[in-house]
Amino acid sequence: MNRKRLSIKNLTITLPQGADRKYAVNDVSLDLYANEILCIVGESGSGKSLLSNAIMGLLPDGVTASQGEIDFNGDNLLTYNEEQMRKIRGAHIGMVFQDPMTALNPLKTIGKQISEMFTIHTKLSKQEINQKVISLLTDVQMPNPLSVAKAYPHQLSGGQRQRAMIAMALALEPAILIADEPTTALDVTTQACILALIRELQSRKGTAVLFITHDFGVVADIATRIAVMQQGKLVEQGFANEVLNAPTHPYTQALIAAVPPLTPGDVRRINKEIILEVNNLSKTYHNHSFFKQNRRTTYAVDNVSFKLHRGSTLGIVGESGSGKSTLARCIIKLLEIDNGQINFENVDIANLKGKKLKHYSRHIQMVFQDPYASLNPRRKVGDQVTIGPILHGITKQQAIEKAKALFNMVGLDSEALNRYPHEFSGGQRQRIGLARALALEPKILIADEPVSALDVSVQAQVLELLTQLRKQLGLTVLFITHDLRVAAQICDHIIVMKSGKIVEQGIASQVFLNPTAPYTKDLLDAVPGKGWNPHRLIDMSPAIHI
Amino acid sequence: MAILKDYFRSPIARVGTILLLLIIFIALTADWFFPGNPLRLAGRPLQWPFVNPKFILGTDQAGRNIAAQLFHGAKVSLIIGLVSTLIAIIIGVVIGAISGFYSGWIDDILMRLTEAFQILPNFLLLLVGVAVFGSTINIVIIAIGVVSWPPVARLTRAEFLSLRNREFVQAGKTIGMSSTRLMFKEILPNALPPVIMYASVILSTAILMESALAFLNLSDPNISSWGNLVGNGRLVLRQQWYVSAIPGIAILLTVLSASLVGQGINDALNPRLKKR
Amino acid sequence: MLHILTLAFRRLLTTIPALVIILIALFLLLQLAPGDTVDALLAQIGGAESSVIDEMRHHYELDQSTSSRLINYLWRLVHLDLGQSAIYNKPVSHMILERLPATLLLMGCAMLLAFTFGTILGILSAQKVNRWPDTLISILGLIFYSTPSFWLALMGIVVFSIYLNWLPPSGFGSIGESLTGMAAIVDIAWYLILPTTTLALVYLAIYLRIMRASLLEVSTLDFVKTAKAKGLSRRKILVNHILRNAMLPMITLIGLQAGTMLGGSVVIETIFAIPGLGRLAYDSVVQRDLNTLLGVVFVSAILVIIINFIVDMLYAKLDPRITGH
């Protein structure tokens, strides 16, 4: 067994009065050893981030570590004053944050920000520091370290920024590295690279890593040991293998069961009839500028064609910037397209306007990504659901009846119609969004990352609801997601997009099991925890037989 | 209602509200306490305050009752402030809303227009307005409103730009709402709070602008205005400085009350800063 | 540097449409005004025969169509020909050039004063947020903001000139003494203390408020947390990380306020009898000399554009995101 680096004993963190609960962290004990990665897993509100802040002595105002000890090098860090803590931070305990864009000072070069670590804690000369910075940037496999040192954060990609953050955190070879959701803001392929980098550096330097995440896939890839937190309490801890494959606590079991497996469901028979056919669709963005030399044309969607079968679910997958959301917004006519056809039931709706468009557009509806932004905060949810049908010509009374029925269908109490959006949780809002879309009795439902903002357990519930509604109402679904696990569970067909182009399309099982495009293979390889397949919680692939 | 409770929790808001209510009271009771024209000769000129109980705040060099001018001036200041603020907000919100919602060439034209107004110094523009159209009270009110709208337009436009692509607006579009409905029923209620907060700033500058204009003797001479009284007092500044001092304090308190109320609303609506 | 220059230059070009709108509006205002240049001149010289009047109308091109006069007007403005001042009987451009230095000096000093003390007080306030120094500074700021500058100027004169006899009540340098070099500068500075302070106070209050808010806002950003996690002290975090970021909105504010400050100088220059643009504007309103007034407005607009140009360059220098890609 390795040396114990950090020992948390009966730590309790108290929230200020008026918070939704008294303790953010309640009586947690944990040990962190050298040369291991301890993953703390939990959903939002589990207290995992405050735990890591407490170690650094960086709790927000009003939040206090009221009981327990955090032992480091034979001292209790909770007894340290600000001066003493400052000598620990950076030098002995390094930290990497979630969003590398906002975690770096936008007005200072990467090199300056890294070298600051040395000017704070060491007496090295300027030249020595510069050399160290370059060797650190080389260590984190940064391409072209010399020019990166002179670059500002906005000139780097998200992955490069996170590499720079890691270089900074590891500059003084701290005994402990705390990584707070370091890959959550990154694309899946970038995430895979960063995870590999953290693992490599950790084993080379023997660092003790405290890795905080909500994603069990990431945990499966990286953890030596796992600690699961729920509502401020530590419910289970153990070696990765044990917790992942034989969880004992019901909460851990539920969390793991809610992770969708990467293997697609059985091949289903699919209706031959085409409800929507997209031909050569292109959408460009022009950099709107007064001056010629600044004019740039970006292809957001580049010559895309596909067919959507009635009653099927088509998944469009890709990383950020792949054009998948733009494509969805073109089809639903939120964006004007430059070229191509959108044939809905054999009518080209691409260039329809006004009344004619309204007649068709009700058949294609959308569920949005952000449950907090997709409802008007100043309107009762009932009004938001009934307004669509009313605008399409039914009476208010009928619309209310319909809304009540829909609320029941999506699993909400019909009394909830009279409440405002802020009174609902994220999952409930997503159900309201679904009810609003379904109120117009659409034939096609476009779902744009409908579960990516939700905790994994809520995510599973919403996906189940979506699948059930599709069966019940005979909906055709266009499902946009960056999460291949989710796509594998509910899609019949898959389109893989990259830089506005379709790189591969086909039946889901084929794309997942025998990908042909190199990019699809990269994407599949990058899915966190791909080697680990827990048992299924729900069967989300009910076949539609004709 | 929770916001109202938050609002009255802050001492700044309470002081501001009391002060503002007091000034409104003074304005409303002007005709009752001091009937008749406040600009008429009332007594011996240049009596110091607190000497003659008939003229508690004294008289100016034309023998006019300062207290009467003060009470009637409150009415003028408040009316000018409120009406020109209303004008500025209506112009600003309409232009900002159209500009932010439609973007493209409409936005370009409206923004160039806004820029043009912002490049021109407000007060100079006001002088031009008065020089060209005369200085009756109506023209002064309209002119102050017209030179004050650009910041409102920019603020509204910025709000519209950020709200326009919010998902609930897109959802509204997909379920078939018309542009006017989206603009005024969906986006506008969400865009208004920062504009309302900004109204106290416009109100303050409007009152200050009118008083400066009146101080320079360029506002309506037939109306009792605090600025005018300060300007008249300038002639006897060496000895009877109170003639200028008293109405100046009235302007200060009025603008202060508007600022305090604005600050209070701001704090109540921005809970993040309040929590610190 | 070249990047910044081209960028700022491009910004400058985008102000052209706004400037054209201003010019057309000014011309239309001239048309709306009761009476024209000739009427103003006639009032000055006390009337003339109708043939002379026609002659004068022809001379000032007032007998031509509106559109052709608009084009002439714009063309003259391009050449910085602002016409003849009716009351001073001099070209308006000469008048303005004579008056410009005093206004620039007054504005520059007031801006510097407001910016410096606004920044310092803002930092103090934010450092002690919600404790008594913050409350005190914030209340003082609100009072400064609410004080009419003309009244403050008068009260300043009462206290410092009349009662204490420390500062001159008006003027722009001692008359009758031909001072040179340092002595002249000190003399003018002496006269400028009261006007500068009274003009600056409102802006000081605004800078203070924005600086405080901006500091508090920046302190909540993630990179400040990163800096804490590095082990930096509070003071170093403030100086090395927060300050420069918090200055960005302050820089923008300078540009936004250039115009209002010019407007404010009308009142201050009038009170203190400073021979500047503002005073000229006031005199031309009183004497109904629209040509001069519009000339002042036009030059003020150009001045505001130039100040904004400088501000843009400064901003781009401070924020690498502007010039970068």
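Modeller: Here's chain C first, then its two partners.

This is a predicted model, where local features need pLDDT of at least 70 and side-chain atom pairs count only at pLDDT 80 or more, while totals for chains, interfaces and linings use all residues. Residues are numbered from 1 along each chain as its sequence is written, with chains lettered from A and ligands numbered from 1 in the order in which they are written.

Chain C has 13 helices and 0 strands (DSSP runs numbered from the N terminus: H or I of at least four residues for helices, E of at least two for strands). Following the sequence, you read the pattern α-α-α-α-α-α-α-α-α-α-α-α-α. Along its principal axes, the C-alpha atoms of chain C fill a box of roughly 85 × 60 × 40 Å.

Let's start inside the chain. Helix 5 (residues 92–127) and helix 6 (residues 132–146) of chain C have axes that come within 7 Å and cross at roughly 140° (axes are lines fitted to C-alpha atoms, for helices over the stretch in contact, and angles run from 0 to 180 degrees between N-to-C directions). That angle makes helix 5 of chain C oblique to helix 6 of chain C (under 35 degrees is roughly parallel, over 145 roughly antiparallel, 65 to 115 roughly perpendicular, the rest oblique). The crossing of helix 5 and helix 6 of chain C is left-handed (the near helix is turned anticlockwise from the far one by less than a right angle; clockwise is right-handed). If you want to click on the residues, helix 5 of chain C brings C:Leu121, C:Leu124 and C:Ser125, and helix 6 of chain C answers with C:Pro133, C:Asp134, C:Ile137 and C:Ser138 (contact: C-beta atoms, placed from the backbone, within 7 Å). Sorted by class, this contact of helix 5 with helix 6 of chain C has 4 nonpolar, 2 polar and 1 charged residues (Ala, Val, Leu, Ile, Met, Phe, Trp, Tyr, Cys and Pro are nonpolar; Asp, Glu, Lys and Arg charged; the others, Gly among them, polar).

Now for chain B. Here 44 residues of chain C are in contact with 39 residues of chain B. On the chain C side, helix 1, helix 6, helix 7 (149–163), helix 10, helix 11 (277–286) and helix 12 each supply at least two residues. The side of chain C that touches chain B splits into 33 nonpolar, 10 polar and 1 charged residues.

One helix pair lets you zoom in on B and C together. Helix 5 (residues 122–133) of chain B packs with helix 12 (residues 290–318) of chain C at an angle of about 160°, their axes 10 Å apart. Helix 5 of chain B and helix 12 of chain C are therefore roughly antiparallel to each other, and their crossing is left-handed. From chain B come B:Leu124, B:Leu127, B:Val128 and B:Ala131; they meet C:Leu290, C:Leu293, C:Val296, C:Val297 and C:Ser300 in helix 12 of chain C. In that contact, 8 residues are nonpolar, 1 is polar and none is charged.

What does the UniProt record say about chain B? Positions are in the numbering used here, names are shortened, and annotations may be inferred rather than shown by experiment. In the model, residues 74–262 of chain B are 84% helix and 0% strand, with the end C-alpha atoms 19 Å apart.

Last stop, chain A. Here 20 residues of chain C are in contact with 25 residues of chain A. Helix 1 (2–32), helix 9 (222–230), helix 10 (234–272) and helix 13 (320–323) of chain C give two or more residues each to the side that touches chain A. Helix 9 of chain C gives the most, with 7 residues. This side of chain C has 5 nonpolar, 7 polar and 8 charged residues.

For chain A, an unreviewed UniProt entry lists "domain: ABC transporter" at residues 6–256 and 276–524. Residues 6–256 of chain A are 39% helix and 25% strand, and their end C-alpha atoms are 28 Å apart.

Note on methods. Two residues are in contact if their C-beta atoms, placed from the backbone, lie within 7 Å.
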